[in-house]
Each structure stands twice: as structure tokens, then as C-alpha cells.
Amino acid sequence: MRAKQIMTQDVATIRGSASVAEAVRLMRLKGLRALIVEPRHSADAYGIVTVADIAGKVIAYGKDSDSVRVYEIMSKPCITVDPDLDVEYVARLLSNNNLWCAPVIRGELMGVISITDIVSKGDFIAKPKLTFLRKELHKAISDARGISANYGSDSKRAVEAWDLVDELETEACFYGLPKPDKSARELFADKPELVPVG
């Protein structure tokens, strides 16, 4: 599942020169926790202002929300998400950067993706990543063995095929597959008589 499939397309934007009071009114009106700050020109970056920015940088210090401008408290450039990025990587990106949401951008603003979108709209319950990776790994091992048999285990194609097996195996281990004593490449690359199991 990709970011573009679960992102929220109804995006509220605000100018950096707007007051924090205006930002709060817009957030309340739209029921949002973040606003995307529009770039000033084509070479400028997008920004983001969140309720946490307002609480931590304005309210916590007793500042006047009418006199503080959005550009004074926003994050810019903000972390953005490509619309074709897998949801698992979006979740990791947001989590690693302690973010609640990020704009989805390819050339222009397409939407916003949040932790709530990922949890409520994602398919991680019906389609766990480890199940998918096990199937992909099994297929990659079969393909690599076939390429090795046809082109030789030292051929460039065989090496690339086994590199893919190594990558999938590493990723599957990251998601909980027990780490084997020997890698799939060590077990099957030079032993065509062995057949990998599920």
C-alpha cells in the first residue's frame, strides 16, 4: 500500500506571514492538527506548523498569538513524503523523526499523510509485511537458482539475483523472521538439488 492510497487529499495551507491566531482559527474550522505552509516562490520549500508548535512555542510562553507569525514557529523545510512510498516506510519515517504527519509532495502538494491515516486506513493487519516478504524471498530464491543453472553461478545475472535474495532475507529478519545459521545464498547458490521450503 502506497502513501497516495491513504493520504488525506483535503489539505489546508497557510502563508508564513499569517498570524498564529489565524492558524489556530483555520485549524479549529477544519478540525486539523497541522497546516502546510505555502512556499513563497517556486524554488522555496514547504513548511509545516502543528498544534505542538503552537502549544510549545506560543502558549507555553504566554505570547500574543496575534503578533507571532507562523514563520517564527514553523518547521521549514519540512520532511515530505513521495506519493509512491510504501506505507511501512512512511510509518518508519514519521516515527524516527517524532512526527505526527507530513505533506505528500511530487512537484506540488498532493495531500497529507498522518499516523492516524496509516493506522486507520492501512492494510497492515490483513497483509502483514513478514508474510509478503516470505513469499517474495521464496520466489527470489527460485529465480536465483534458475538463473545460476542457466547462466552459471558466477555470472553477473546470478550475482545480482542472489544479491536480491540477500536483501529480502535481511529485510525479512528485520520484520521478525528467525535469523538462519546459513543464508539462503550459502544454502542454495551452489546446490541445485536442494529445494527451499516455505
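Trainee: So helices here are DSSP runs of H or I with at least four residues, strands are E runs of at least two, and both are numbered from the N terminus. With that settled, where is the place of N98?

Mentor: This is a predicted model, and in it N98 belongs to the loop between α5 and β4, the latter covering 101–106.

Trainee: And what is phi of N98?

Mentor: Phi there is near 55°, a positive value in a residue other than glycine.

Trainee: Switching to peptide bonds: is the one from K76 to P77 cis or trans?

Mentor: That bond is cis, and its omega is near -5°. P77 itself lies in the loop between α4 (70–73) and α5 (87–96).

Trainee: Now the helices. At what angle do the axes of α7 and α8 cross?

Mentor: Roughly 160°, with the axes of α7 (residues 129–151) and α8 (residues 156–174) coming within 9 Å. Angles over 145 degrees count as roughly antiparallel, so α7 is roughly antiparallel to α8.

Trainee: Left-handed or right-handed?

Mentor: The α7 and α8 crossing is left-handed.

Trainee: Which residues make the contact?

Mentor: From α7, they include L130, L133, L137 and I141; on the α8 side, A161, W162, V165 and L168 are among them. The residues of this contact divide into 15 nonpolar, 1 polar and 6 charged.

Trainee: Last topic, rings. How many aromatic pairs does the search find?

Mentor: The search of the whole structure finds 0.

Trainee: Then what sits over the ring of W100?

Mentor: The charged end of R33 does, at 4.2 Å from the centre of that ring.

Note on methods:
Residues are numbered from 1 along each chain as its sequence is written. This is a predicted model: local features need pLDDT of at least 70, side-chain atom pairs count only at pLDDT 80 or more; totals for chains, interfaces and linings use all residues. Side-chain values use heavy atoms; hydrogens and water are left out. Rings of Phe, Tyr and Trp (its six-membered ring) pair if their centres lie within 6.5 Å; planes under 30 degrees apart count as stacked, over 60 as edge-to-face and the rest as tilted. A charge sits over a ring if NZ of Lys or CZ of Arg is within 6 Å of the ring centre and within 35 degrees of the ring normal. Axes are lines fitted to C-alpha atoms, for helices over the stretch in contact, and angles run from 0 to 180 degrees between N-to-C directions. Angles under 35 degrees count as roughly parallel, over 145 as roughly antiparallel, 65 to 115 as roughly perpendicular and the rest as oblique. A crossing is left-handed if the near helix is turned anticlockwise from the far one by less than a right angle, and right-handed if clockwise. Contact means heavy atoms within 4.5 Å. Ala, Val, Leu, Ile, Met, Phe, Trp, Tyr, Cys and Pro count as nonpolar, Asp, Glu, Lys and Arg as charged, and the others, Gly among them, as polar.
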